Amino acid sequence: MKTKAAVVVEAGKPIEIEELDLIAPGPGQVLIKYLFAGLCHSDVHISHGDLAARLPMVLGHEGAGVIEEVGPGVTRVAPGDHVVCSFIPSCGTCHWCSTGQQPLCDMGATILEGYLPDGRFPMTGARGDYGTMCMLGTFSQYGTISEASVVKIDDSLPLDKAVLVGCGVPTGWGAAVNAAQVRPGDTVIVAGIGGIGINSVQGARAAGAKNLIAVDPLANKRAAALEFGATDAFATMAEAAEFARADTNGNGADQVLLTAGIVTEELINEAFDAAGKGSTIVIVGLNKLDESNLHVPSAIMTLWKKTIKGTNFGDCNPMTDIPRLLGMYQRGQLKLNELVTNTYTLEQVNEGYDDLLAGKNLRGVIVHEH
């Protein structure tokens, strides 16, 4: 069948809209009609070349829609099911899934190549085989994807809000709750209030942070953080660190979460200085894969017992945490409606990313036309 999709043809060039041919689902695969797709900064890393992906590639890794058809052996979903896509698949049987580390699922090894677990590329067009970001390619009207990448949700949930729980919400929330292990009474700094950072604020607030300090150079982002539960907001890490030390007898933050779009060496060093004894610094945002940007004094790290760690997907299990977070949304315990700043058509994808990079959006959402 034919599908219209947003494609990165060459790093650094605008995203292009193309009509592509989509393969039929094979064993363990499903055909999904995408209805909504979230605009996440990780797609920018592909289009700008920060993450070296095989091109051409259909972008998009936050998606929600309806299952149209299933291939042989599919058991997780059926035609007509409403689903949210997980940007990291969860096979359930590899070493990592079997030991509770689903974000490291071996099936995720090809997310920058974009072909399916059976080795087939899901789409073809004028430039040959087209990969799909995270084996999803949600910036397409339709997709053929693995059943390991979809999570069935309740039909009553609005898909235009549920779409956000495929990446940004669990990554941010889990970074605070799972990776940083924020506890009641802690002092927490969240640096970078975009689609990930705003949800780290939500997670740290729910975990009981006493001082929840947001850092962002943009006034609109600082205001949003306060609306989502931050107790204080500053334009610089230096101001946040001074405030944290003033309220902790000079110690500093218990946890610092780095959720900026690009995590630089300067930001890591500022976080290290802002974090106190026994603290945890969680690196959530990305940089180039070959960029060595972590250089800290190991003696201070040892003597003050500081921990620096990375997290993928907020250490969440997509099969359980996506429904869990949506359940919290249904009970009014998690904000999703307020995250969506603007909506766009597929043809407006470049405009959507211009808005993201300009700091206008917490989250933009593509509304697919069928």
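## Strand β18 and its partners

In strand β18, Val-365 is the bridge partner of Thr-343, and Val-367 is the bridge partner of Phe-36. Here strands (E, at least two residues) and helices (H or I, at least four residues) are DSSP runs, numbered from the N terminus, and two strands pair if DSSP finds at least two bridges between them. This is a predicted model, in which local features need pLDDT of at least 70 and side-chain atom pairs count only at pLDDT 80 or more, while totals for chains, interfaces and linings use all residues. Residues are numbered from 1 along each chain as its sequence is written, and side-chain values use heavy atoms, with hydrogens and water left out.

Strand β17 (residues 340–344) runs parallel to β18 and is joined to it by four bridges, whereas strand β3 (residues 29–39) pairs with β18 in the antiparallel sense, also over four bridges. Strands of a sheet pair through backbone hydrogen bonds, either parallel or antiparallel. Strand β18 (residues 363–367) is largely enclosed by the rest of the structure, because four of its five residues are buried, where buried means under 20% relative accessible area, exposed over 50% and partly exposed in between (1.4 Å probe, protein chains only).

## Gly-63 in strand β5

Gly-63 is found in strand β5, which covers residues 62–70, and it counts as buried because its relative accessibility is 0%. Leaving aside neighbours within four places in sequence, Gly-63 is in contact (heavy atoms within 4.5 Å) with Phe-36, Ala-37, Val-84, Cys-85, Thr-138 and Val-163. Trp-96 lies 33 residues away from Gly-63 along the chain, and the C-alpha atoms of these two residues are separated by 24 Å.

## The six-stranded sheet

An open sheet of six strands, with parallel pairing, has the order β13-β12-β11-β14-β15-β16. Its edge strands, each pairing on one side only, are β13 (232–234) and β16 (307–310). Direction ignored, neighbouring strands of this sheet are turned by 15° against each other on average.

Within the sheet, β11 and strand β14 (residues 253–258) pair in the parallel sense over four bridges, and Leu-258 in β14 is the bridge partner of Ala-191. Helix α8 (residues 265–274) packs on the sheet and touches β11, β14, β15 (275–283) and β16, with its direction making about 150° with that of β15. Helix α5 lies across β11, β12 and β14, and runs at about 170° to β11. Such angles run from 0 to 180 degrees between N-to-C directions, and axes are lines fitted to C-alpha atoms, for helices over the stretch in contact.

## Nonpolar cores

A nonpolar core is a set of buried Ala, Val, Leu, Ile, Met, Phe, Trp, Tyr and Cys residues joined through side-chain atoms within 4.5 Å. The largest one has 47 residues, and those touching the most other members are Val-169, Val-182, Val-188, Leu-212, Leu-326, Leu-334 and Leu-336. Among the elements that each supply at least two residues of this core are β5, α4 (168–179), β11 (187–191), α5 (197–207) and β12 (211–215). A second, separate core of 37 residues includes Phe-87, Phe-313, Tyr-344 and Val-349.

## Two helices in contact

Helix α1 (residues 41–48) and helix α11 (residues 349–357) pack at an angle of about 110°, with their axes 11 Å apart. That makes α1 roughly perpendicular to α11, a description used for angles of 65 to 115 degrees, while those under 35 count as roughly parallel, over 145 as roughly antiparallel and the rest as oblique. The contact is made by His-41, Asp-43, Val-44 and His-48 of α1 together with Tyr-353, Leu-356 and Leu-357 of α11.
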